[in-house]
Amino acid sequence: MPDFSIALAEIFLACAAMALLMIGAFRGNKSTTLVSWLAVISLIVAALMIQYEARETFVTFNGLYRDDAFGVFMKTLCLGASALAIIMSLDFNKREKLDRFEFPILIVIATLGMLVMISANDLMSLYLGIELMSLSLYVTAAFRRDSVRSTEAGLKYFVLGALSSGMLLYGASLIYGFTGTTNFDLLAQIFTTGEAHSEIGLLIGLVFLIAGLAFKVSAVPFHMWAPDVYEGVPTPVTAFFAAAPKVAAIALFLRVFITPFGELVDQWQQIIVFISIASMVLGAFAAINQKNIKRLMAYSSIGHIGYALVGLAAGTEEGVRGVLIYMTIYVIMNIGTFACILSMRQRDGMVEDISELAGLSKSRPWMAFFLLVFMFSLAGVPPLAGFFGKFYIFVAAINAGLVPLAVIGLVTSVIGAVYYLRIVKIMYFDDEAEGFEPTSRTLSVIMTLSAIFVAFFVIFPGPLLDGAKAAAAVLFS
């Protein structure tokens with residue numbers, strides 16, 4: 001008999017999404033603000049439910065669903081990022097006449113899919129979670145129906161996403177064909193006893209599985225959708241895409257390759273190392289000549305996913321802990337940065353050109369300072385939080401014997417600092433351009449809190465380090 005109490009947060013979110021859909025259907029777009037805030041409250045309540053769940057590991061629904069400290073950590077991060085994305089979208093959607101009640105509901109449903117992904121204990125529940133998230137993201141990407149760029153971005157994302165889902169499903173079918181099971185616990189038992197290690201079909205299935213998951217995190221060579229989608233979709237959607245879905249996909253990467261396939265680390269490690277290096281190198285060089293700040297952030301995110309995969313390539317508990325720390329810091333840096341990007345509004349409307357930031361330090365000194373903090377942190381400049389995120393990742397790689405990978409990561413980090421510092425140079429040393437309109441109070445609060453975390457993480461790192469350590473230990477228990 002399944003224990004529904006273990007999945008209470010997911011059940012609550014599903015019911016909340018249906019209730020919000022009914023409110024929107026009966027009250028129309030006049031209810032957008034109400035639905036948005038109810039969606040935020042629903043996500044917060046779900047996060048609180050997760051916090052009060054037992055910290056022991058529970059498996060239910062015939063082995064399809066796993067609840068543990070790792071899930072609690074990553075789900076909380078996803079829920080927080082999704083709630084902030086909705087809050088950041090409120091003023092933008094009103095100004096751009098995109099205030100339709102479906103938007104927050106799509107984010108809630110996508111977040112529900114992320115929670116299912118993070119707790120997946122079977123290739124079938126993994127696929128269901130991915131598709132629930134992806135279908136909502138496809139619609140969200142094409143939300144601005146009267147914009148050619150937005151509809152083109154949504155179509156590209158849908159076509160490439162469908163291709164990646166097919167690859168993932170094909171890989172899962174091969175794994176099932178050569179092992180006779182899709183359950184993570186049973187797969188771990190099979191590989192622990194040494195069965196099926198050398199089956200070439202199994203290894204091909206593993207490659208297809210990696211390809212499907214790599215698309216979800218926009219890792220090279222499955223990154224081609226990210227720059228066009230980031231640039232084409234409305235900025236709040238870009239902020240959402242850059243945070244919560246990446247966390248869920250990285251969580252899935254960690255759970256899949258550490259838990260059932262942990263014994264095959266020698267087989268998949270070289271693939272992860274290649275993807276990591278390719279992502280770091282592309283992220284470092286491709287963003288240098290970008291003029292659109294959203295497109296620059298797309299290449300930046302590709303590079304940062306490469307750094308996160310360094311921790312997975314280590315295949316150790318220390319590496320997983322580093323990834324959890326890194327993703328937490330990455331999400332907060334991105335939320336703060338996109339709050340600044342959402343404030344780039346002039347009399348004629350939103351602007352995205354980096355040159356429009358010229359002289360920002362004179363017209364909007366606080367916004368320029370916050371963006372400086374986020375750019376330095378993304379570049380990994382000490383003593384900001386971004387430096388420590390990379391530090392824990394590289395130390396884990398060195399301790400796992402992957403010194404060349406850590407060195408490449410360090411070099412690409414230095415090269416990547418060029419385009420972050422260019423933004424700082426434009427804000428502080430170029431002649432002043434046309435000023436921006438006043439920033440909304442909501443975005444100002446998000447910028448301030450994010451900057452405080454990034455700047456003062458070095459003083460109070462303990463809670464995050466302890467939480468990440470406890471969550472990582474679960475995967476190796």
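Student: Is α11 buried or exposed, and why is that said of it?

Tutor: In this predicted model, 15 of the 15 residues of α11 are buried, so the helix is largely enclosed by the rest of the structure.

Student: Which residues does α11 cover, and how far does it reach?

Tutor: Helix α11 runs over residues 244–258, 15 residues in total. From first C-alpha to last it reaches 21 Å, close to the 21 Å expected at 1.5 Å a residue.

Student: What about the largest nonpolar core? Which residues have the most contacts inside it?

Tutor: That core has 175 residues, and those with the most contacts inside it are Phe253, Phe257, Phe261, Trp268, Leu324 and Leu357.

Student: And which element gives the most to this core?

Tutor: Helix α14 does, with 16 residues.

Student: Back to Phe261. What does phenylalanine 261 touch?

Tutor: Leaving out residues up to four places away in sequence, phenylalanine 261 touches Ile175, Leu187, Phe191, Leu206, Leu209, Val256 and Trp268.

Student: OK, α14 again. At what angle do α14 and α16 pack?

Tutor: Helix α14, residues 317–342, and helix α16, residues 365–379, pack at about 145 degrees, and their axes are 10 Å apart. The crossing is left-handed.

Student: Which residues make the contact?

Tutor: On the α14 side they are Met333, Asn334, Gly336, Thr337 and Cys340. On the α16 side they are Met367, Phe370, Leu371, Phe374, Met375, Ser377 and Leu378.

Student: How many of them are nonpolar, polar or charged?

Tutor: Eight are nonpolar, four are polar and none is charged.

Student: Spacing question. Why would residues three or four places apart in an α-helix point the same way?

Tutor: An α-helix has 3.6 residues a turn, so residues at that spacing point the same way.

Student: What is phi at serine 218, and where is the residue?

Tutor: Phi of serine 218 is positive, about 55 degrees, although the residue is not a glycine. Serine 218 is in the loop between α8 and α9, and it is buried at 0% relative accessible area.

Student: And phenylalanine 61, what is its phi?

Tutor: Near 55 degrees, a positive value in a residue other than glycine. Phenylalanine 61 is in the loop between β1 (58–60) and β2 (65–67). At 23% relative accessibility, phenylalanine 61 counts as partly exposed.

Student: Why note these backbone values at all?

Tutor: Most residues other than glycine have a negative phi, and most peptide bonds are trans.

Student: Next, threonine 235. Buried or exposed?

Tutor: Threonine 235 is buried, with a relative accessible area of 2%. It lies in helix α10, residues 235–241. Apart from neighbours within four places in sequence, threonine 235 is in contact with Phe92, Lys294, Phe338, Ile341, Leu342 and Glu352.

Student: Last one, alanine 406. Which helix is it in?

Tutor: Alanine 406 lies in α18, residues 403–429, and is buried at 5% relative accessible area. Not counting residues up to four places away, alanine 406 touches Phe394, Ala397 and Ile398.

Key. Residues numbered from 1 in each chain as written. Predicted model: local features only at pLDDT ≥ 70, side-chain atom pairs only at ≥ 80, totals over all residues. Heavy atoms only, no water. Axes fitted to C-alpha atoms, helices over the stretch in contact; angles between N-to-C directions. Helix = DSSP H or I, 4+ residues; strand = E, 2+ residues; numbered from the N terminus. Left-handed = near helix turned anticlockwise from the far one by under 90°. Contact = heavy atoms within 4.5 Å. Nonpolar A, V, L, I, M, F, W, Y, C, P; charged D, E, K, R; others polar. Expected span 1.5 Å × (residues − 1). Buried < 20%, exposed > 50% of the residue type's maximum accessible area, 1.4 Å probe, protein only. Core = buried A, V, L, I, M, F, W, Y, C linked by side-chain atoms within 4.5 Å.
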